[in-house]
Amino acid sequence: MKRFEHVIVAGIDGAGAFIQNAKTPCMDAIFASGARTFRAFASRPSISAECWGSMLTGVSPALHGLTNEWISQHAYPTDSRFPTLYKRVRGAYPDAAVAAYCDWSPLVTGIVEADAGVDCLSLRDAELIGPACEYIRSRKPAFMFVHMDSVDGAGHKFGYGTPQHLNQIEVCDRYVQLLYSACRDAGMLDSTLFLVLSDHGGTCDERPEGGYSGSHGGWTEAERRISFLAAGPGIQAGEIGDMNIRDTAAIVLYALGIDMPAFDPNGWTAQLPENLFAGVQVPYIDISGETGAVPRVSRVRHTSQTAE
Ligand SMILES: [Zn+2]
């Protein structure tokens with residue numbers, strides 16, 4: 001059963017759980033009667049390709065194998081055992097508009113199947129939001145992932161959780177408002193699941209030369225906790241139960257009425273969290289201790305990382 005016609009995912013790279021520390025009047029209003037958690041888990045290791053890869057495939061990094069290095073150099077295989085959400089949505093809805101508008105360009109090449117009919121664009125987030133809004137208004141996508149990278153850039157440069165990092169989250173708060181307003185302009189709000197999430201957080205480390213900078217890849221609270229916010233008809237107001245970023249895959253498929261693969265400890269492990277969809281209470285299986293991978297720091301930084 002299709003519960004929503006549209007799912008829009010606004011991903012704020014490197015925002016971790018720090019959204020709760022920033023002044024975000026736009027998100028506060030959008031999600032005032034929505035569902036939220038600032039205690040969701042990133043993928044392990046807490047690196048962008050691993051995390052966004054898990055969100056899009058519904059499996060852990062140990063299985064999808066995506067790294068920043070890999071997605072910077074390869075196209076996602078069209079015959080993968082773990083098709084992305086783009087491909088699953090395309091399979092269910094051959095005529096639907098499906099889009100990946102991502103600041104960090106490997107996300108539109110390395111984690112999108114070339115044969116899935118995905119409309120892709122990669123620009124710095126300040127320039128990306130206008131075209132993304134125009135796409136929503138004109139194409140009313142069934143599924144769209146909009147990725148913003150400037151917050152991660154600020155976290156690396158100044159330290160995660162610092163005023164500069166929080167300021168950039170506040171800039172992205174306004175981008176989120178523009179995306180949400182585009183859904184309203186398109187007349188989509190009563191049939192849209194609107195999600196905001198981050199992929200990972202990061203650290204704040206004193207630099208020998210003075211000041212602070214940040215990194216991520218480890219499994220400290222600051223790195224592994226992420227934000228997940230949901231708004232739309234039938235979304236239960238309040239705190240969402242335990243969840244992992246890969247559960248976004250289950251949430252998107254459920255929302256669009258697409259059958260999801262059976263839970264498999266060696267494969268699909270995306271699950272619906274408790275207290276997200278009103279009236280749906282499925283027991284959540286905690287496999288957070290079984291992710292296996294060793295924390296690491298990526299050798300490849302995002303090519304687009306700069307602070308505004
Ligand atoms: Zn980063």
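Which residue just after α11 takes a positive phi? In this predicted model, in which residues are numbered from 1 along each chain as its sequence is written, local features are reported only at pLDDT of at least 70, side-chain atom pairs only at pLDDT 80 or more, and totals for chains, interfaces and linings over all residues. Side-chain values rest on heavy atoms, with hydrogens and water left out. The residue in question is Gly257, whose phi is about 70 degrees.

The secondary structure of the chain comprises 11 helices and 10 strands, where helices (H or I, at least four residues) and strands (E, at least two) are DSSP runs numbered from the N terminus. The radius of gyration, taken over C-alpha atoms, is 17 Å, close to the 19 Å that the globule rule (2.2 Å times the number of residues to the power 0.38) gives for 308 residues, so the chain is as compact as a globular protein of that length. Along its principal axes the C-alpha trace spans about 55 × 40 × 35 Å, and 60% of the 308 residues count as buried, that is, under 20% relative accessible area, with exposed meaning over 50% and partly exposed in between (1.4 Å probe, protein chains only).

Helix α11 (residues 247-255) has nine of its nine residues buried, so it is largely enclosed by the rest of the structure. These buried residues, among them Asp247, Ile251 and Tyr254, pack against β1 (6-12), α2 (48-57), α5 (85-92), β5 (143-148), β6 (192-197) and β9 (225-231), contact meaning heavy atoms within 4.5 Å.

Helices α8 (residues 150-158) and α9 (residues 163-185) pack at an angle of about 175 degrees, with their axes 8 Å apart; axes are lines fitted to C-alpha atoms, for helices over the stretch in contact, and angles run from 0 to 180 degrees between N-to-C directions. That angle makes α8 roughly antiparallel to α9, a class that covers angles over 145 degrees. Ser150, Val151, Ala154, Gly155 and Phe158 of α8 meet Gln164, His165, Gln168, Ile169 and Cys172 of α9.

Most residues other than glycine have a negative phi, and most peptide bonds are trans. The peptide bond from Arg44 to Pro45 is cis, with omega near 5 degrees, and Pro45 is placed in the loop between β2 (35-41) and α2. Lys140, in the loop between α7 (125-139) and β5, has a positive phi near 45 degrees and, at 39% relative accessibility, counts as partly exposed. Asn275, in the segment after α11, likewise has a positive phi, near 65 degrees, and counts as partly exposed at 25% relative accessibility.

Methods: Angles under 35 degrees count as roughly parallel, over 145 as roughly antiparallel, 65 to 115 as roughly perpendicular and the rest as oblique.
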